[in-house]
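Subject: Structure for you to look through

Dear colleague,

Please open it first, and then go through my notes with the structure beside you.

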Amino acid sequence: MTTLALVLLGYVALVLAVGALATRRAGTSPEEYFLAGRTLGPLVLFMALFGTNCTPFVMVGIPGRAYHDGLGQFGLNAPIIALVVPLTFWLIGVPARREAARLGALTPAELYARRLSSNAVGWVLFAVFTAYTVPYMVTGVLGIAVNLARATDGAVSEPVGAAAVLLVALAYTTLGGMRATAWTNVVQGTLFLLFMVAALVGITHALGGLEAAFARVRTVDPSLLTLAPERALFRPGAWTSYALLISLTVIAFPHMLVRLLAAKDEAALKGAIRLYPIALVALWLPAVLLGVFGAAEHPGLEGAASDGIFAVMIAEHLPAFFSSLGLLALLASVMSTLDAQILTLGSMLTRDVVDRVRGDRDDRADVRAGRWFGAIVTVAVFLLAEVCRRAEIAIFDIARFAFAGFCTLVPTLLFGVRWRRFDARAAIGSIAAGNAVLGLGEAGLLPSSPFQPVFWGFAASLAAALALGAVGRRPAGTGG
Amino acid sequence: MHRAVSAVTLAALLALHFDVWWADPRPADDVLPGLPAELGFRLGWMALAWLWLLHFTARVWRTDEADAG
């Protein structure tokens, strides 16, 4: 308990110090606060992008799934993310960064509103981004709050844990804006990555090496080492749907896209893209392998018990302080995403709502408003998390729907910066069609098919974008 | 030339990733000591994908002249 308290306090002090350091380098303009002055170099940009990818889903969800589904979880996720996510950085991120700089846009919604000369596009994107990001934030907060309460035997209650995590993230985000979140993400991503690799090496060694560990799995359940067709996720329709979901949703996270807008130049983006697949292997391999090895060590677990297999393996095979480090890694993974989300939603409320309604812009007022809105977003997420916790609402199902919803934005994000004929009508039509079909699919109102609703939602948004874009005409003078 | 090679290789990589549509599952045996066939295949695929990204970023991606300057 004392070790845990010291580790957590040390971590909080470290991220606050890094945030304060970033503040000393920060200017007072909105561009500096919201986008770090568009100066993120390759390493910081990569860690900011990667840190945003490090989520509790990788550390808790994936080992739990690998426990049941085996090695197939690695093949289902890691390869397609490693290839397609960097491709989307190039397809969407590169022209988006260039256009945002040219048009003076600081948020994704502002970029597309200006690019397509339509306030309506800005409003729609702001609404959809917010509606899908908030549940995502709530899942992270609830996840870490539960783990903090467990690790401290209830000494830190779930509401207190949730509030503390949000307050720390808000503190350094408000202090230094994008630069603070990017710099702290370097610390958080490094912590998370080192912990995952150390856990895999240590536990594999304790199990007698990789060969012995896999031999044990083969004895207990050899189907864990193949893409067993009796597992629904590995059938072609589900495999394809999941590949779409996991590889396309990332670029449509507003907090991810905004980091690409903050890149110093295209060389920085290239550097990040080259590093991305290597880091992905280091992240996903431990998560999947420890879940598979855990299935051989502790067969028969279900539900929350199997979700906790990563923590069980650490507690059994590594020194006691590793459990504290595990909680720290989990905390780092949550905060590295939360900070970016707080900043991005705060910036969108400022630039895409207040400034647009008010009709004028004041640099100092924008930064001040961004800070206040960051605080308001934080309070709203805390309250929503409390409502969900008390009412036992299945927020994870809502978050899954949100991830699918992000995919329906991809055609607009792509064509909006790559296709001259793609206009505001096509953008709004694509988003509306995609979300309507996705909603019907989630409600079980689409005809039965091997594909999941996300596939049809994405197909509908793509078809609408192509059809409406083909007859659209961009107003003159909007670039492109 | 680089674009054509890049496009064909990318298509081949994606086709291999979606081999669940037509190929039987790989056996549970190791292809190398401590490396089951399925994991070996996916790691090999990722190595090829990384090489593809290196080629793409070096030869196909045209950097914005304003940035390059």
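Below are my notes on what was found.

Please keep in mind throughout that this is a predicted model.

Let me begin with chain B, which has 69 residues, 38% of them buried. Three helices and two strands are found in this chain, and if you follow the chain from the N terminus, its elements come in the order α-β-β-α-α. Of the contacts in chain B with a separation of 6 or more, 56% are between residues 24 or more positions apart. The accessible surface of chain B is about 3,900 Å², and carbon and sulfur atoms account for 66% of that surface.

The next topic is how chain B meets chain A. On the side of chain B, 34 residues are in contact with 41 residues of chain A. The size of an interface is often given as the accessible area lost when the parts come together. For chain B and chain A, the area buried between them is about 3,500 Å², with 75% of it on carbon and sulfur atoms. Between the two chains there is one salt bridge, in which the side chains of A:Arg218 and B:Asp30 meet at 2.4 Å, taken from N to O. The count of residue pairs in polar contact between chain B and chain A is eight, with both residues at pLDDT 80 or more. On the side of chain B that touches chain A, the elements that give two or more residues are helix H1 (2-17) and helix H2 (37-60) of chain B, and H2(B) gives the most, with 14 residues.

Turning to chain A, you will see that its domain assignment gives domain 1 (2-392) and domain 2 (408-480). The centres of these two domains of chain A, taken over C-alpha atoms, are 26 Å apart. In chain A, 28 residues of domain 1 are in contact with 25 residues of domain 2, and the two domains bury about 2,500 Å² between them, 74% of it on carbon and sulfur atoms. On the side of domain 1 of chain A that touches domain 2, the elements giving two or more residues are helix H5 (72-103), helix H6 (108-115), helix H7 (119-151) and helix H10 (236-248) of chain A.

A:Arg115 lies in helix H6 of chain A. Is A:Arg115 buried or exposed? With a relative accessible area of 1%, A:Arg115 is buried. Its side chain makes a polar contact with the side chain of A:Glu99 at 2.8 Å, and a polar atom of the side chain of A:Arg115 also lies 2.9 Å from the backbone oxygen of A:Gly416.

A:Thr184 is found in helix H8 (residues 158-206) of chain A. A:Thr184 is buried, because its relative accessible area is 0% and the cut-off for a buried residue is under 20%. A polar atom of the side chain of A:Thr184 lies 2.8 Å from the backbone oxygen of A:Ala180. Leaving aside residues up to four places away in sequence, A:Thr184 touches A:Val15, A:Val18, A:Gly19, A:Tyr172 and A:Asp339.

With best wishes

Definitions and conventions
Residues numbered from 1 in each chain as written. Chains lettered and ligands numbered in written order. Predicted model: local features only at pLDDT ≥ 70, side-chain atom pairs only at ≥ 80, totals over all residues. Heavy atoms only, no water. Helix = DSSP H or I, 4+ residues; strand = E, 2+ residues; numbered from the N terminus. Buried < 20%, exposed > 50% of the residue type's maximum accessible area, 1.4 Å probe, protein only. Contact = heavy atoms within 4.5 Å. Areas by Shrake-Rupley, 256 points an atom, 1.4 Å probe, with all protein chains shown as cover. Domains from an automatic or database assignment. Buried area = accessible area lost by both parts, 1.4 Å probe. Salt bridge = Lys/Arg side-chain N within 4 Å of Asp/Glu carboxyl O. Polar contact = N/O pair within 3.5 Å; in protein donor to acceptor, adjacent residues only side chain to side chain.
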